[in-house]
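Have a look at the structure first, then read on.

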Amino acid sequence: MAKKSNWSDDYWLLIMQIYLYKPVGVKPLYNRMMVNLGIELHIHPSVLHEKMQQLANLDTPRIERLWNAYSGNPQKLSRAVKLLREMNGFHDAGAFYDGVDVVETFESDFKPIIPSSPISPVMLILVLDLYFRLTPATMVSATPEIQELARMMKITTTDIIEIMDIYQHCDPYLNRRDVIFSEWLIACQKIWSQYSGDPIKLADFAEELKAYFS
């Protein structure tokens, strides 16, 4: 049985608005606007990215009509998007998805693991990718790669070093036996289990995720 999608043709206007945001064109899969829209609509960014490619290609007569009506008039498009967002229930997840099974999948990856910290699972993925590019001796604040990643994700180098320390405890090759306590421990263990087996695939995924922080 095919899985139900939350996609509605009304959303073409939302996709078009992001597409026309400078620089005009198909945005990266994990562009922050695409991710935020996906979270709002409970639609994976990959689906929205596919829709945006269809928009760019004017794949259907309906898309072409919408493009002709709105693409050359940003104010008209903005008014239409504003009206759509003001529709009754659009911002009320409980009402909007009443009767629809909504299961969060990717959404939680972009949300803080704990309320008191900005660290999210996608950040842990990027730190893990860098972890495999460094040696334990270079997992320090002075390392340029750590400083660069901290700036990109707008967190501290101390946060990154703490996460890498947890990964060292996950790493069977280091065989660390000392006890560690961290609010991110369980989340890091989960990320390690899910992504450490294929560093090349991890690197490709991490490169895609960087668009969210750019």
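This is a predicted model: local features need pLDDT of at least 70, side-chain atom pairs count only at pLDDT 80 or more; totals for chains, interfaces and linings use all residues.

## Surface and overall make-up

Of the 214 residues in the protein, 43% are buried.

As for the fold, we have 11 helices and 0 strands. Reading from the N terminus, the elements go α-α-α-α-α-α-α-α-α-α-α. Take the contacts with a separation of 6 or more: 60% of them are between residues 24 or more positions apart.

How many of the 9 residues of helix 1 are buried? The count is 7, so helix 1 (residues 12–20) is largely enclosed by the rest of the structure. The buried ones are W12, L13, L14, I15, M16, I18 and Y19. What do they pack against? Their partners are helix 2 (32–41), helix 3 (45–57), helix 4 (61–70) and helix 5.

M16 sits in helix 1 and counts as buried because its relative accessibility is 0%. Leaving out neighbours within four places in sequence, M16 is in contact with L55, L66, W67, Y70, S71 and L77.

L84 belongs to helix 5 (residues 74–85), and with a relative accessible area of 6% it is buried. L84 and L13 are 71 residues apart in sequence, yet C-alpha to C-alpha they are 8.8 Å apart in space.

## Two nonpolar cores

The largest nonpolar core has 42 residues, and M153, I160, M164 and Y167 are the members that touch the most others in it. Helix 7 (121–131), helix 8 (144–153), helix 9 (157–170), helix 10 (185–195) and helix 11 (199–209) each put in at least two residues. Which helix gives the largest share of this core? That would be helix 7, with 9 residues.

Y167 shows how these pieces meet. Setting aside neighbours within four places in sequence, Y167 is in contact with L124, I125, V127, L128, Y131, C188, I191 and W192. Apart from this core lies another one, of 23 residues, with L41, M52, I63 and Y70 among them.

## The second largest pocket

Helix 7 and helix 10 are the elements that give two or more residues to the lining.

Which helix supplies the largest share of that lining? Helix 10 does, with 5 residues. Sorted by class, the lining of the second largest pocket holds 8 nonpolar, 3 polar and 3 charged residues.

K22 and P23 are joined by a cis peptide bond, with omega at about -5°. P23 is in the loop between helix 1 and helix 2.

Then there are the positive phi angles. H42 is not a glycine, but its phi is positive at about 60°; you'll find H42 in the loop between helix 2 and helix 3. K154, again not a glycine, has a positive phi of about 60°, and K154 is in the loop between helix 8 and helix 9. Is K154 buried or exposed? K154 counts as exposed, because its relative accessibility is 71%.

## A histidine in helix 3

One last stop is H49, which is found in helix 3. Why does H49 count as buried? The reason is its relative accessibility of 18%, since buried means under 20%. Not counting residues up to four places away in sequence, H49 touches V26, K27, P28, L29 and M34.

Definitions and conventions
Residues are numbered from 1 along each chain as its sequence is written. Side-chain values use heavy atoms; hydrogens and water are left out. Helices (H or I, at least four residues) and strands (E, at least two) are DSSP runs, numbered from the N terminus. Buried means under 20% relative accessible area, exposed over 50%, partly exposed in between (1.4 Å probe, protein chains only). A nonpolar core is a set of buried Ala, Val, Leu, Ile, Met, Phe, Trp, Tyr and Cys residues joined through side-chain atoms within 4.5 Å. Contact means heavy atoms within 4.5 Å. Ala, Val, Leu, Ile, Met, Phe, Trp, Tyr, Cys and Pro count as nonpolar, Asp, Glu, Lys and Arg as charged, and the others, Gly among them, as polar.
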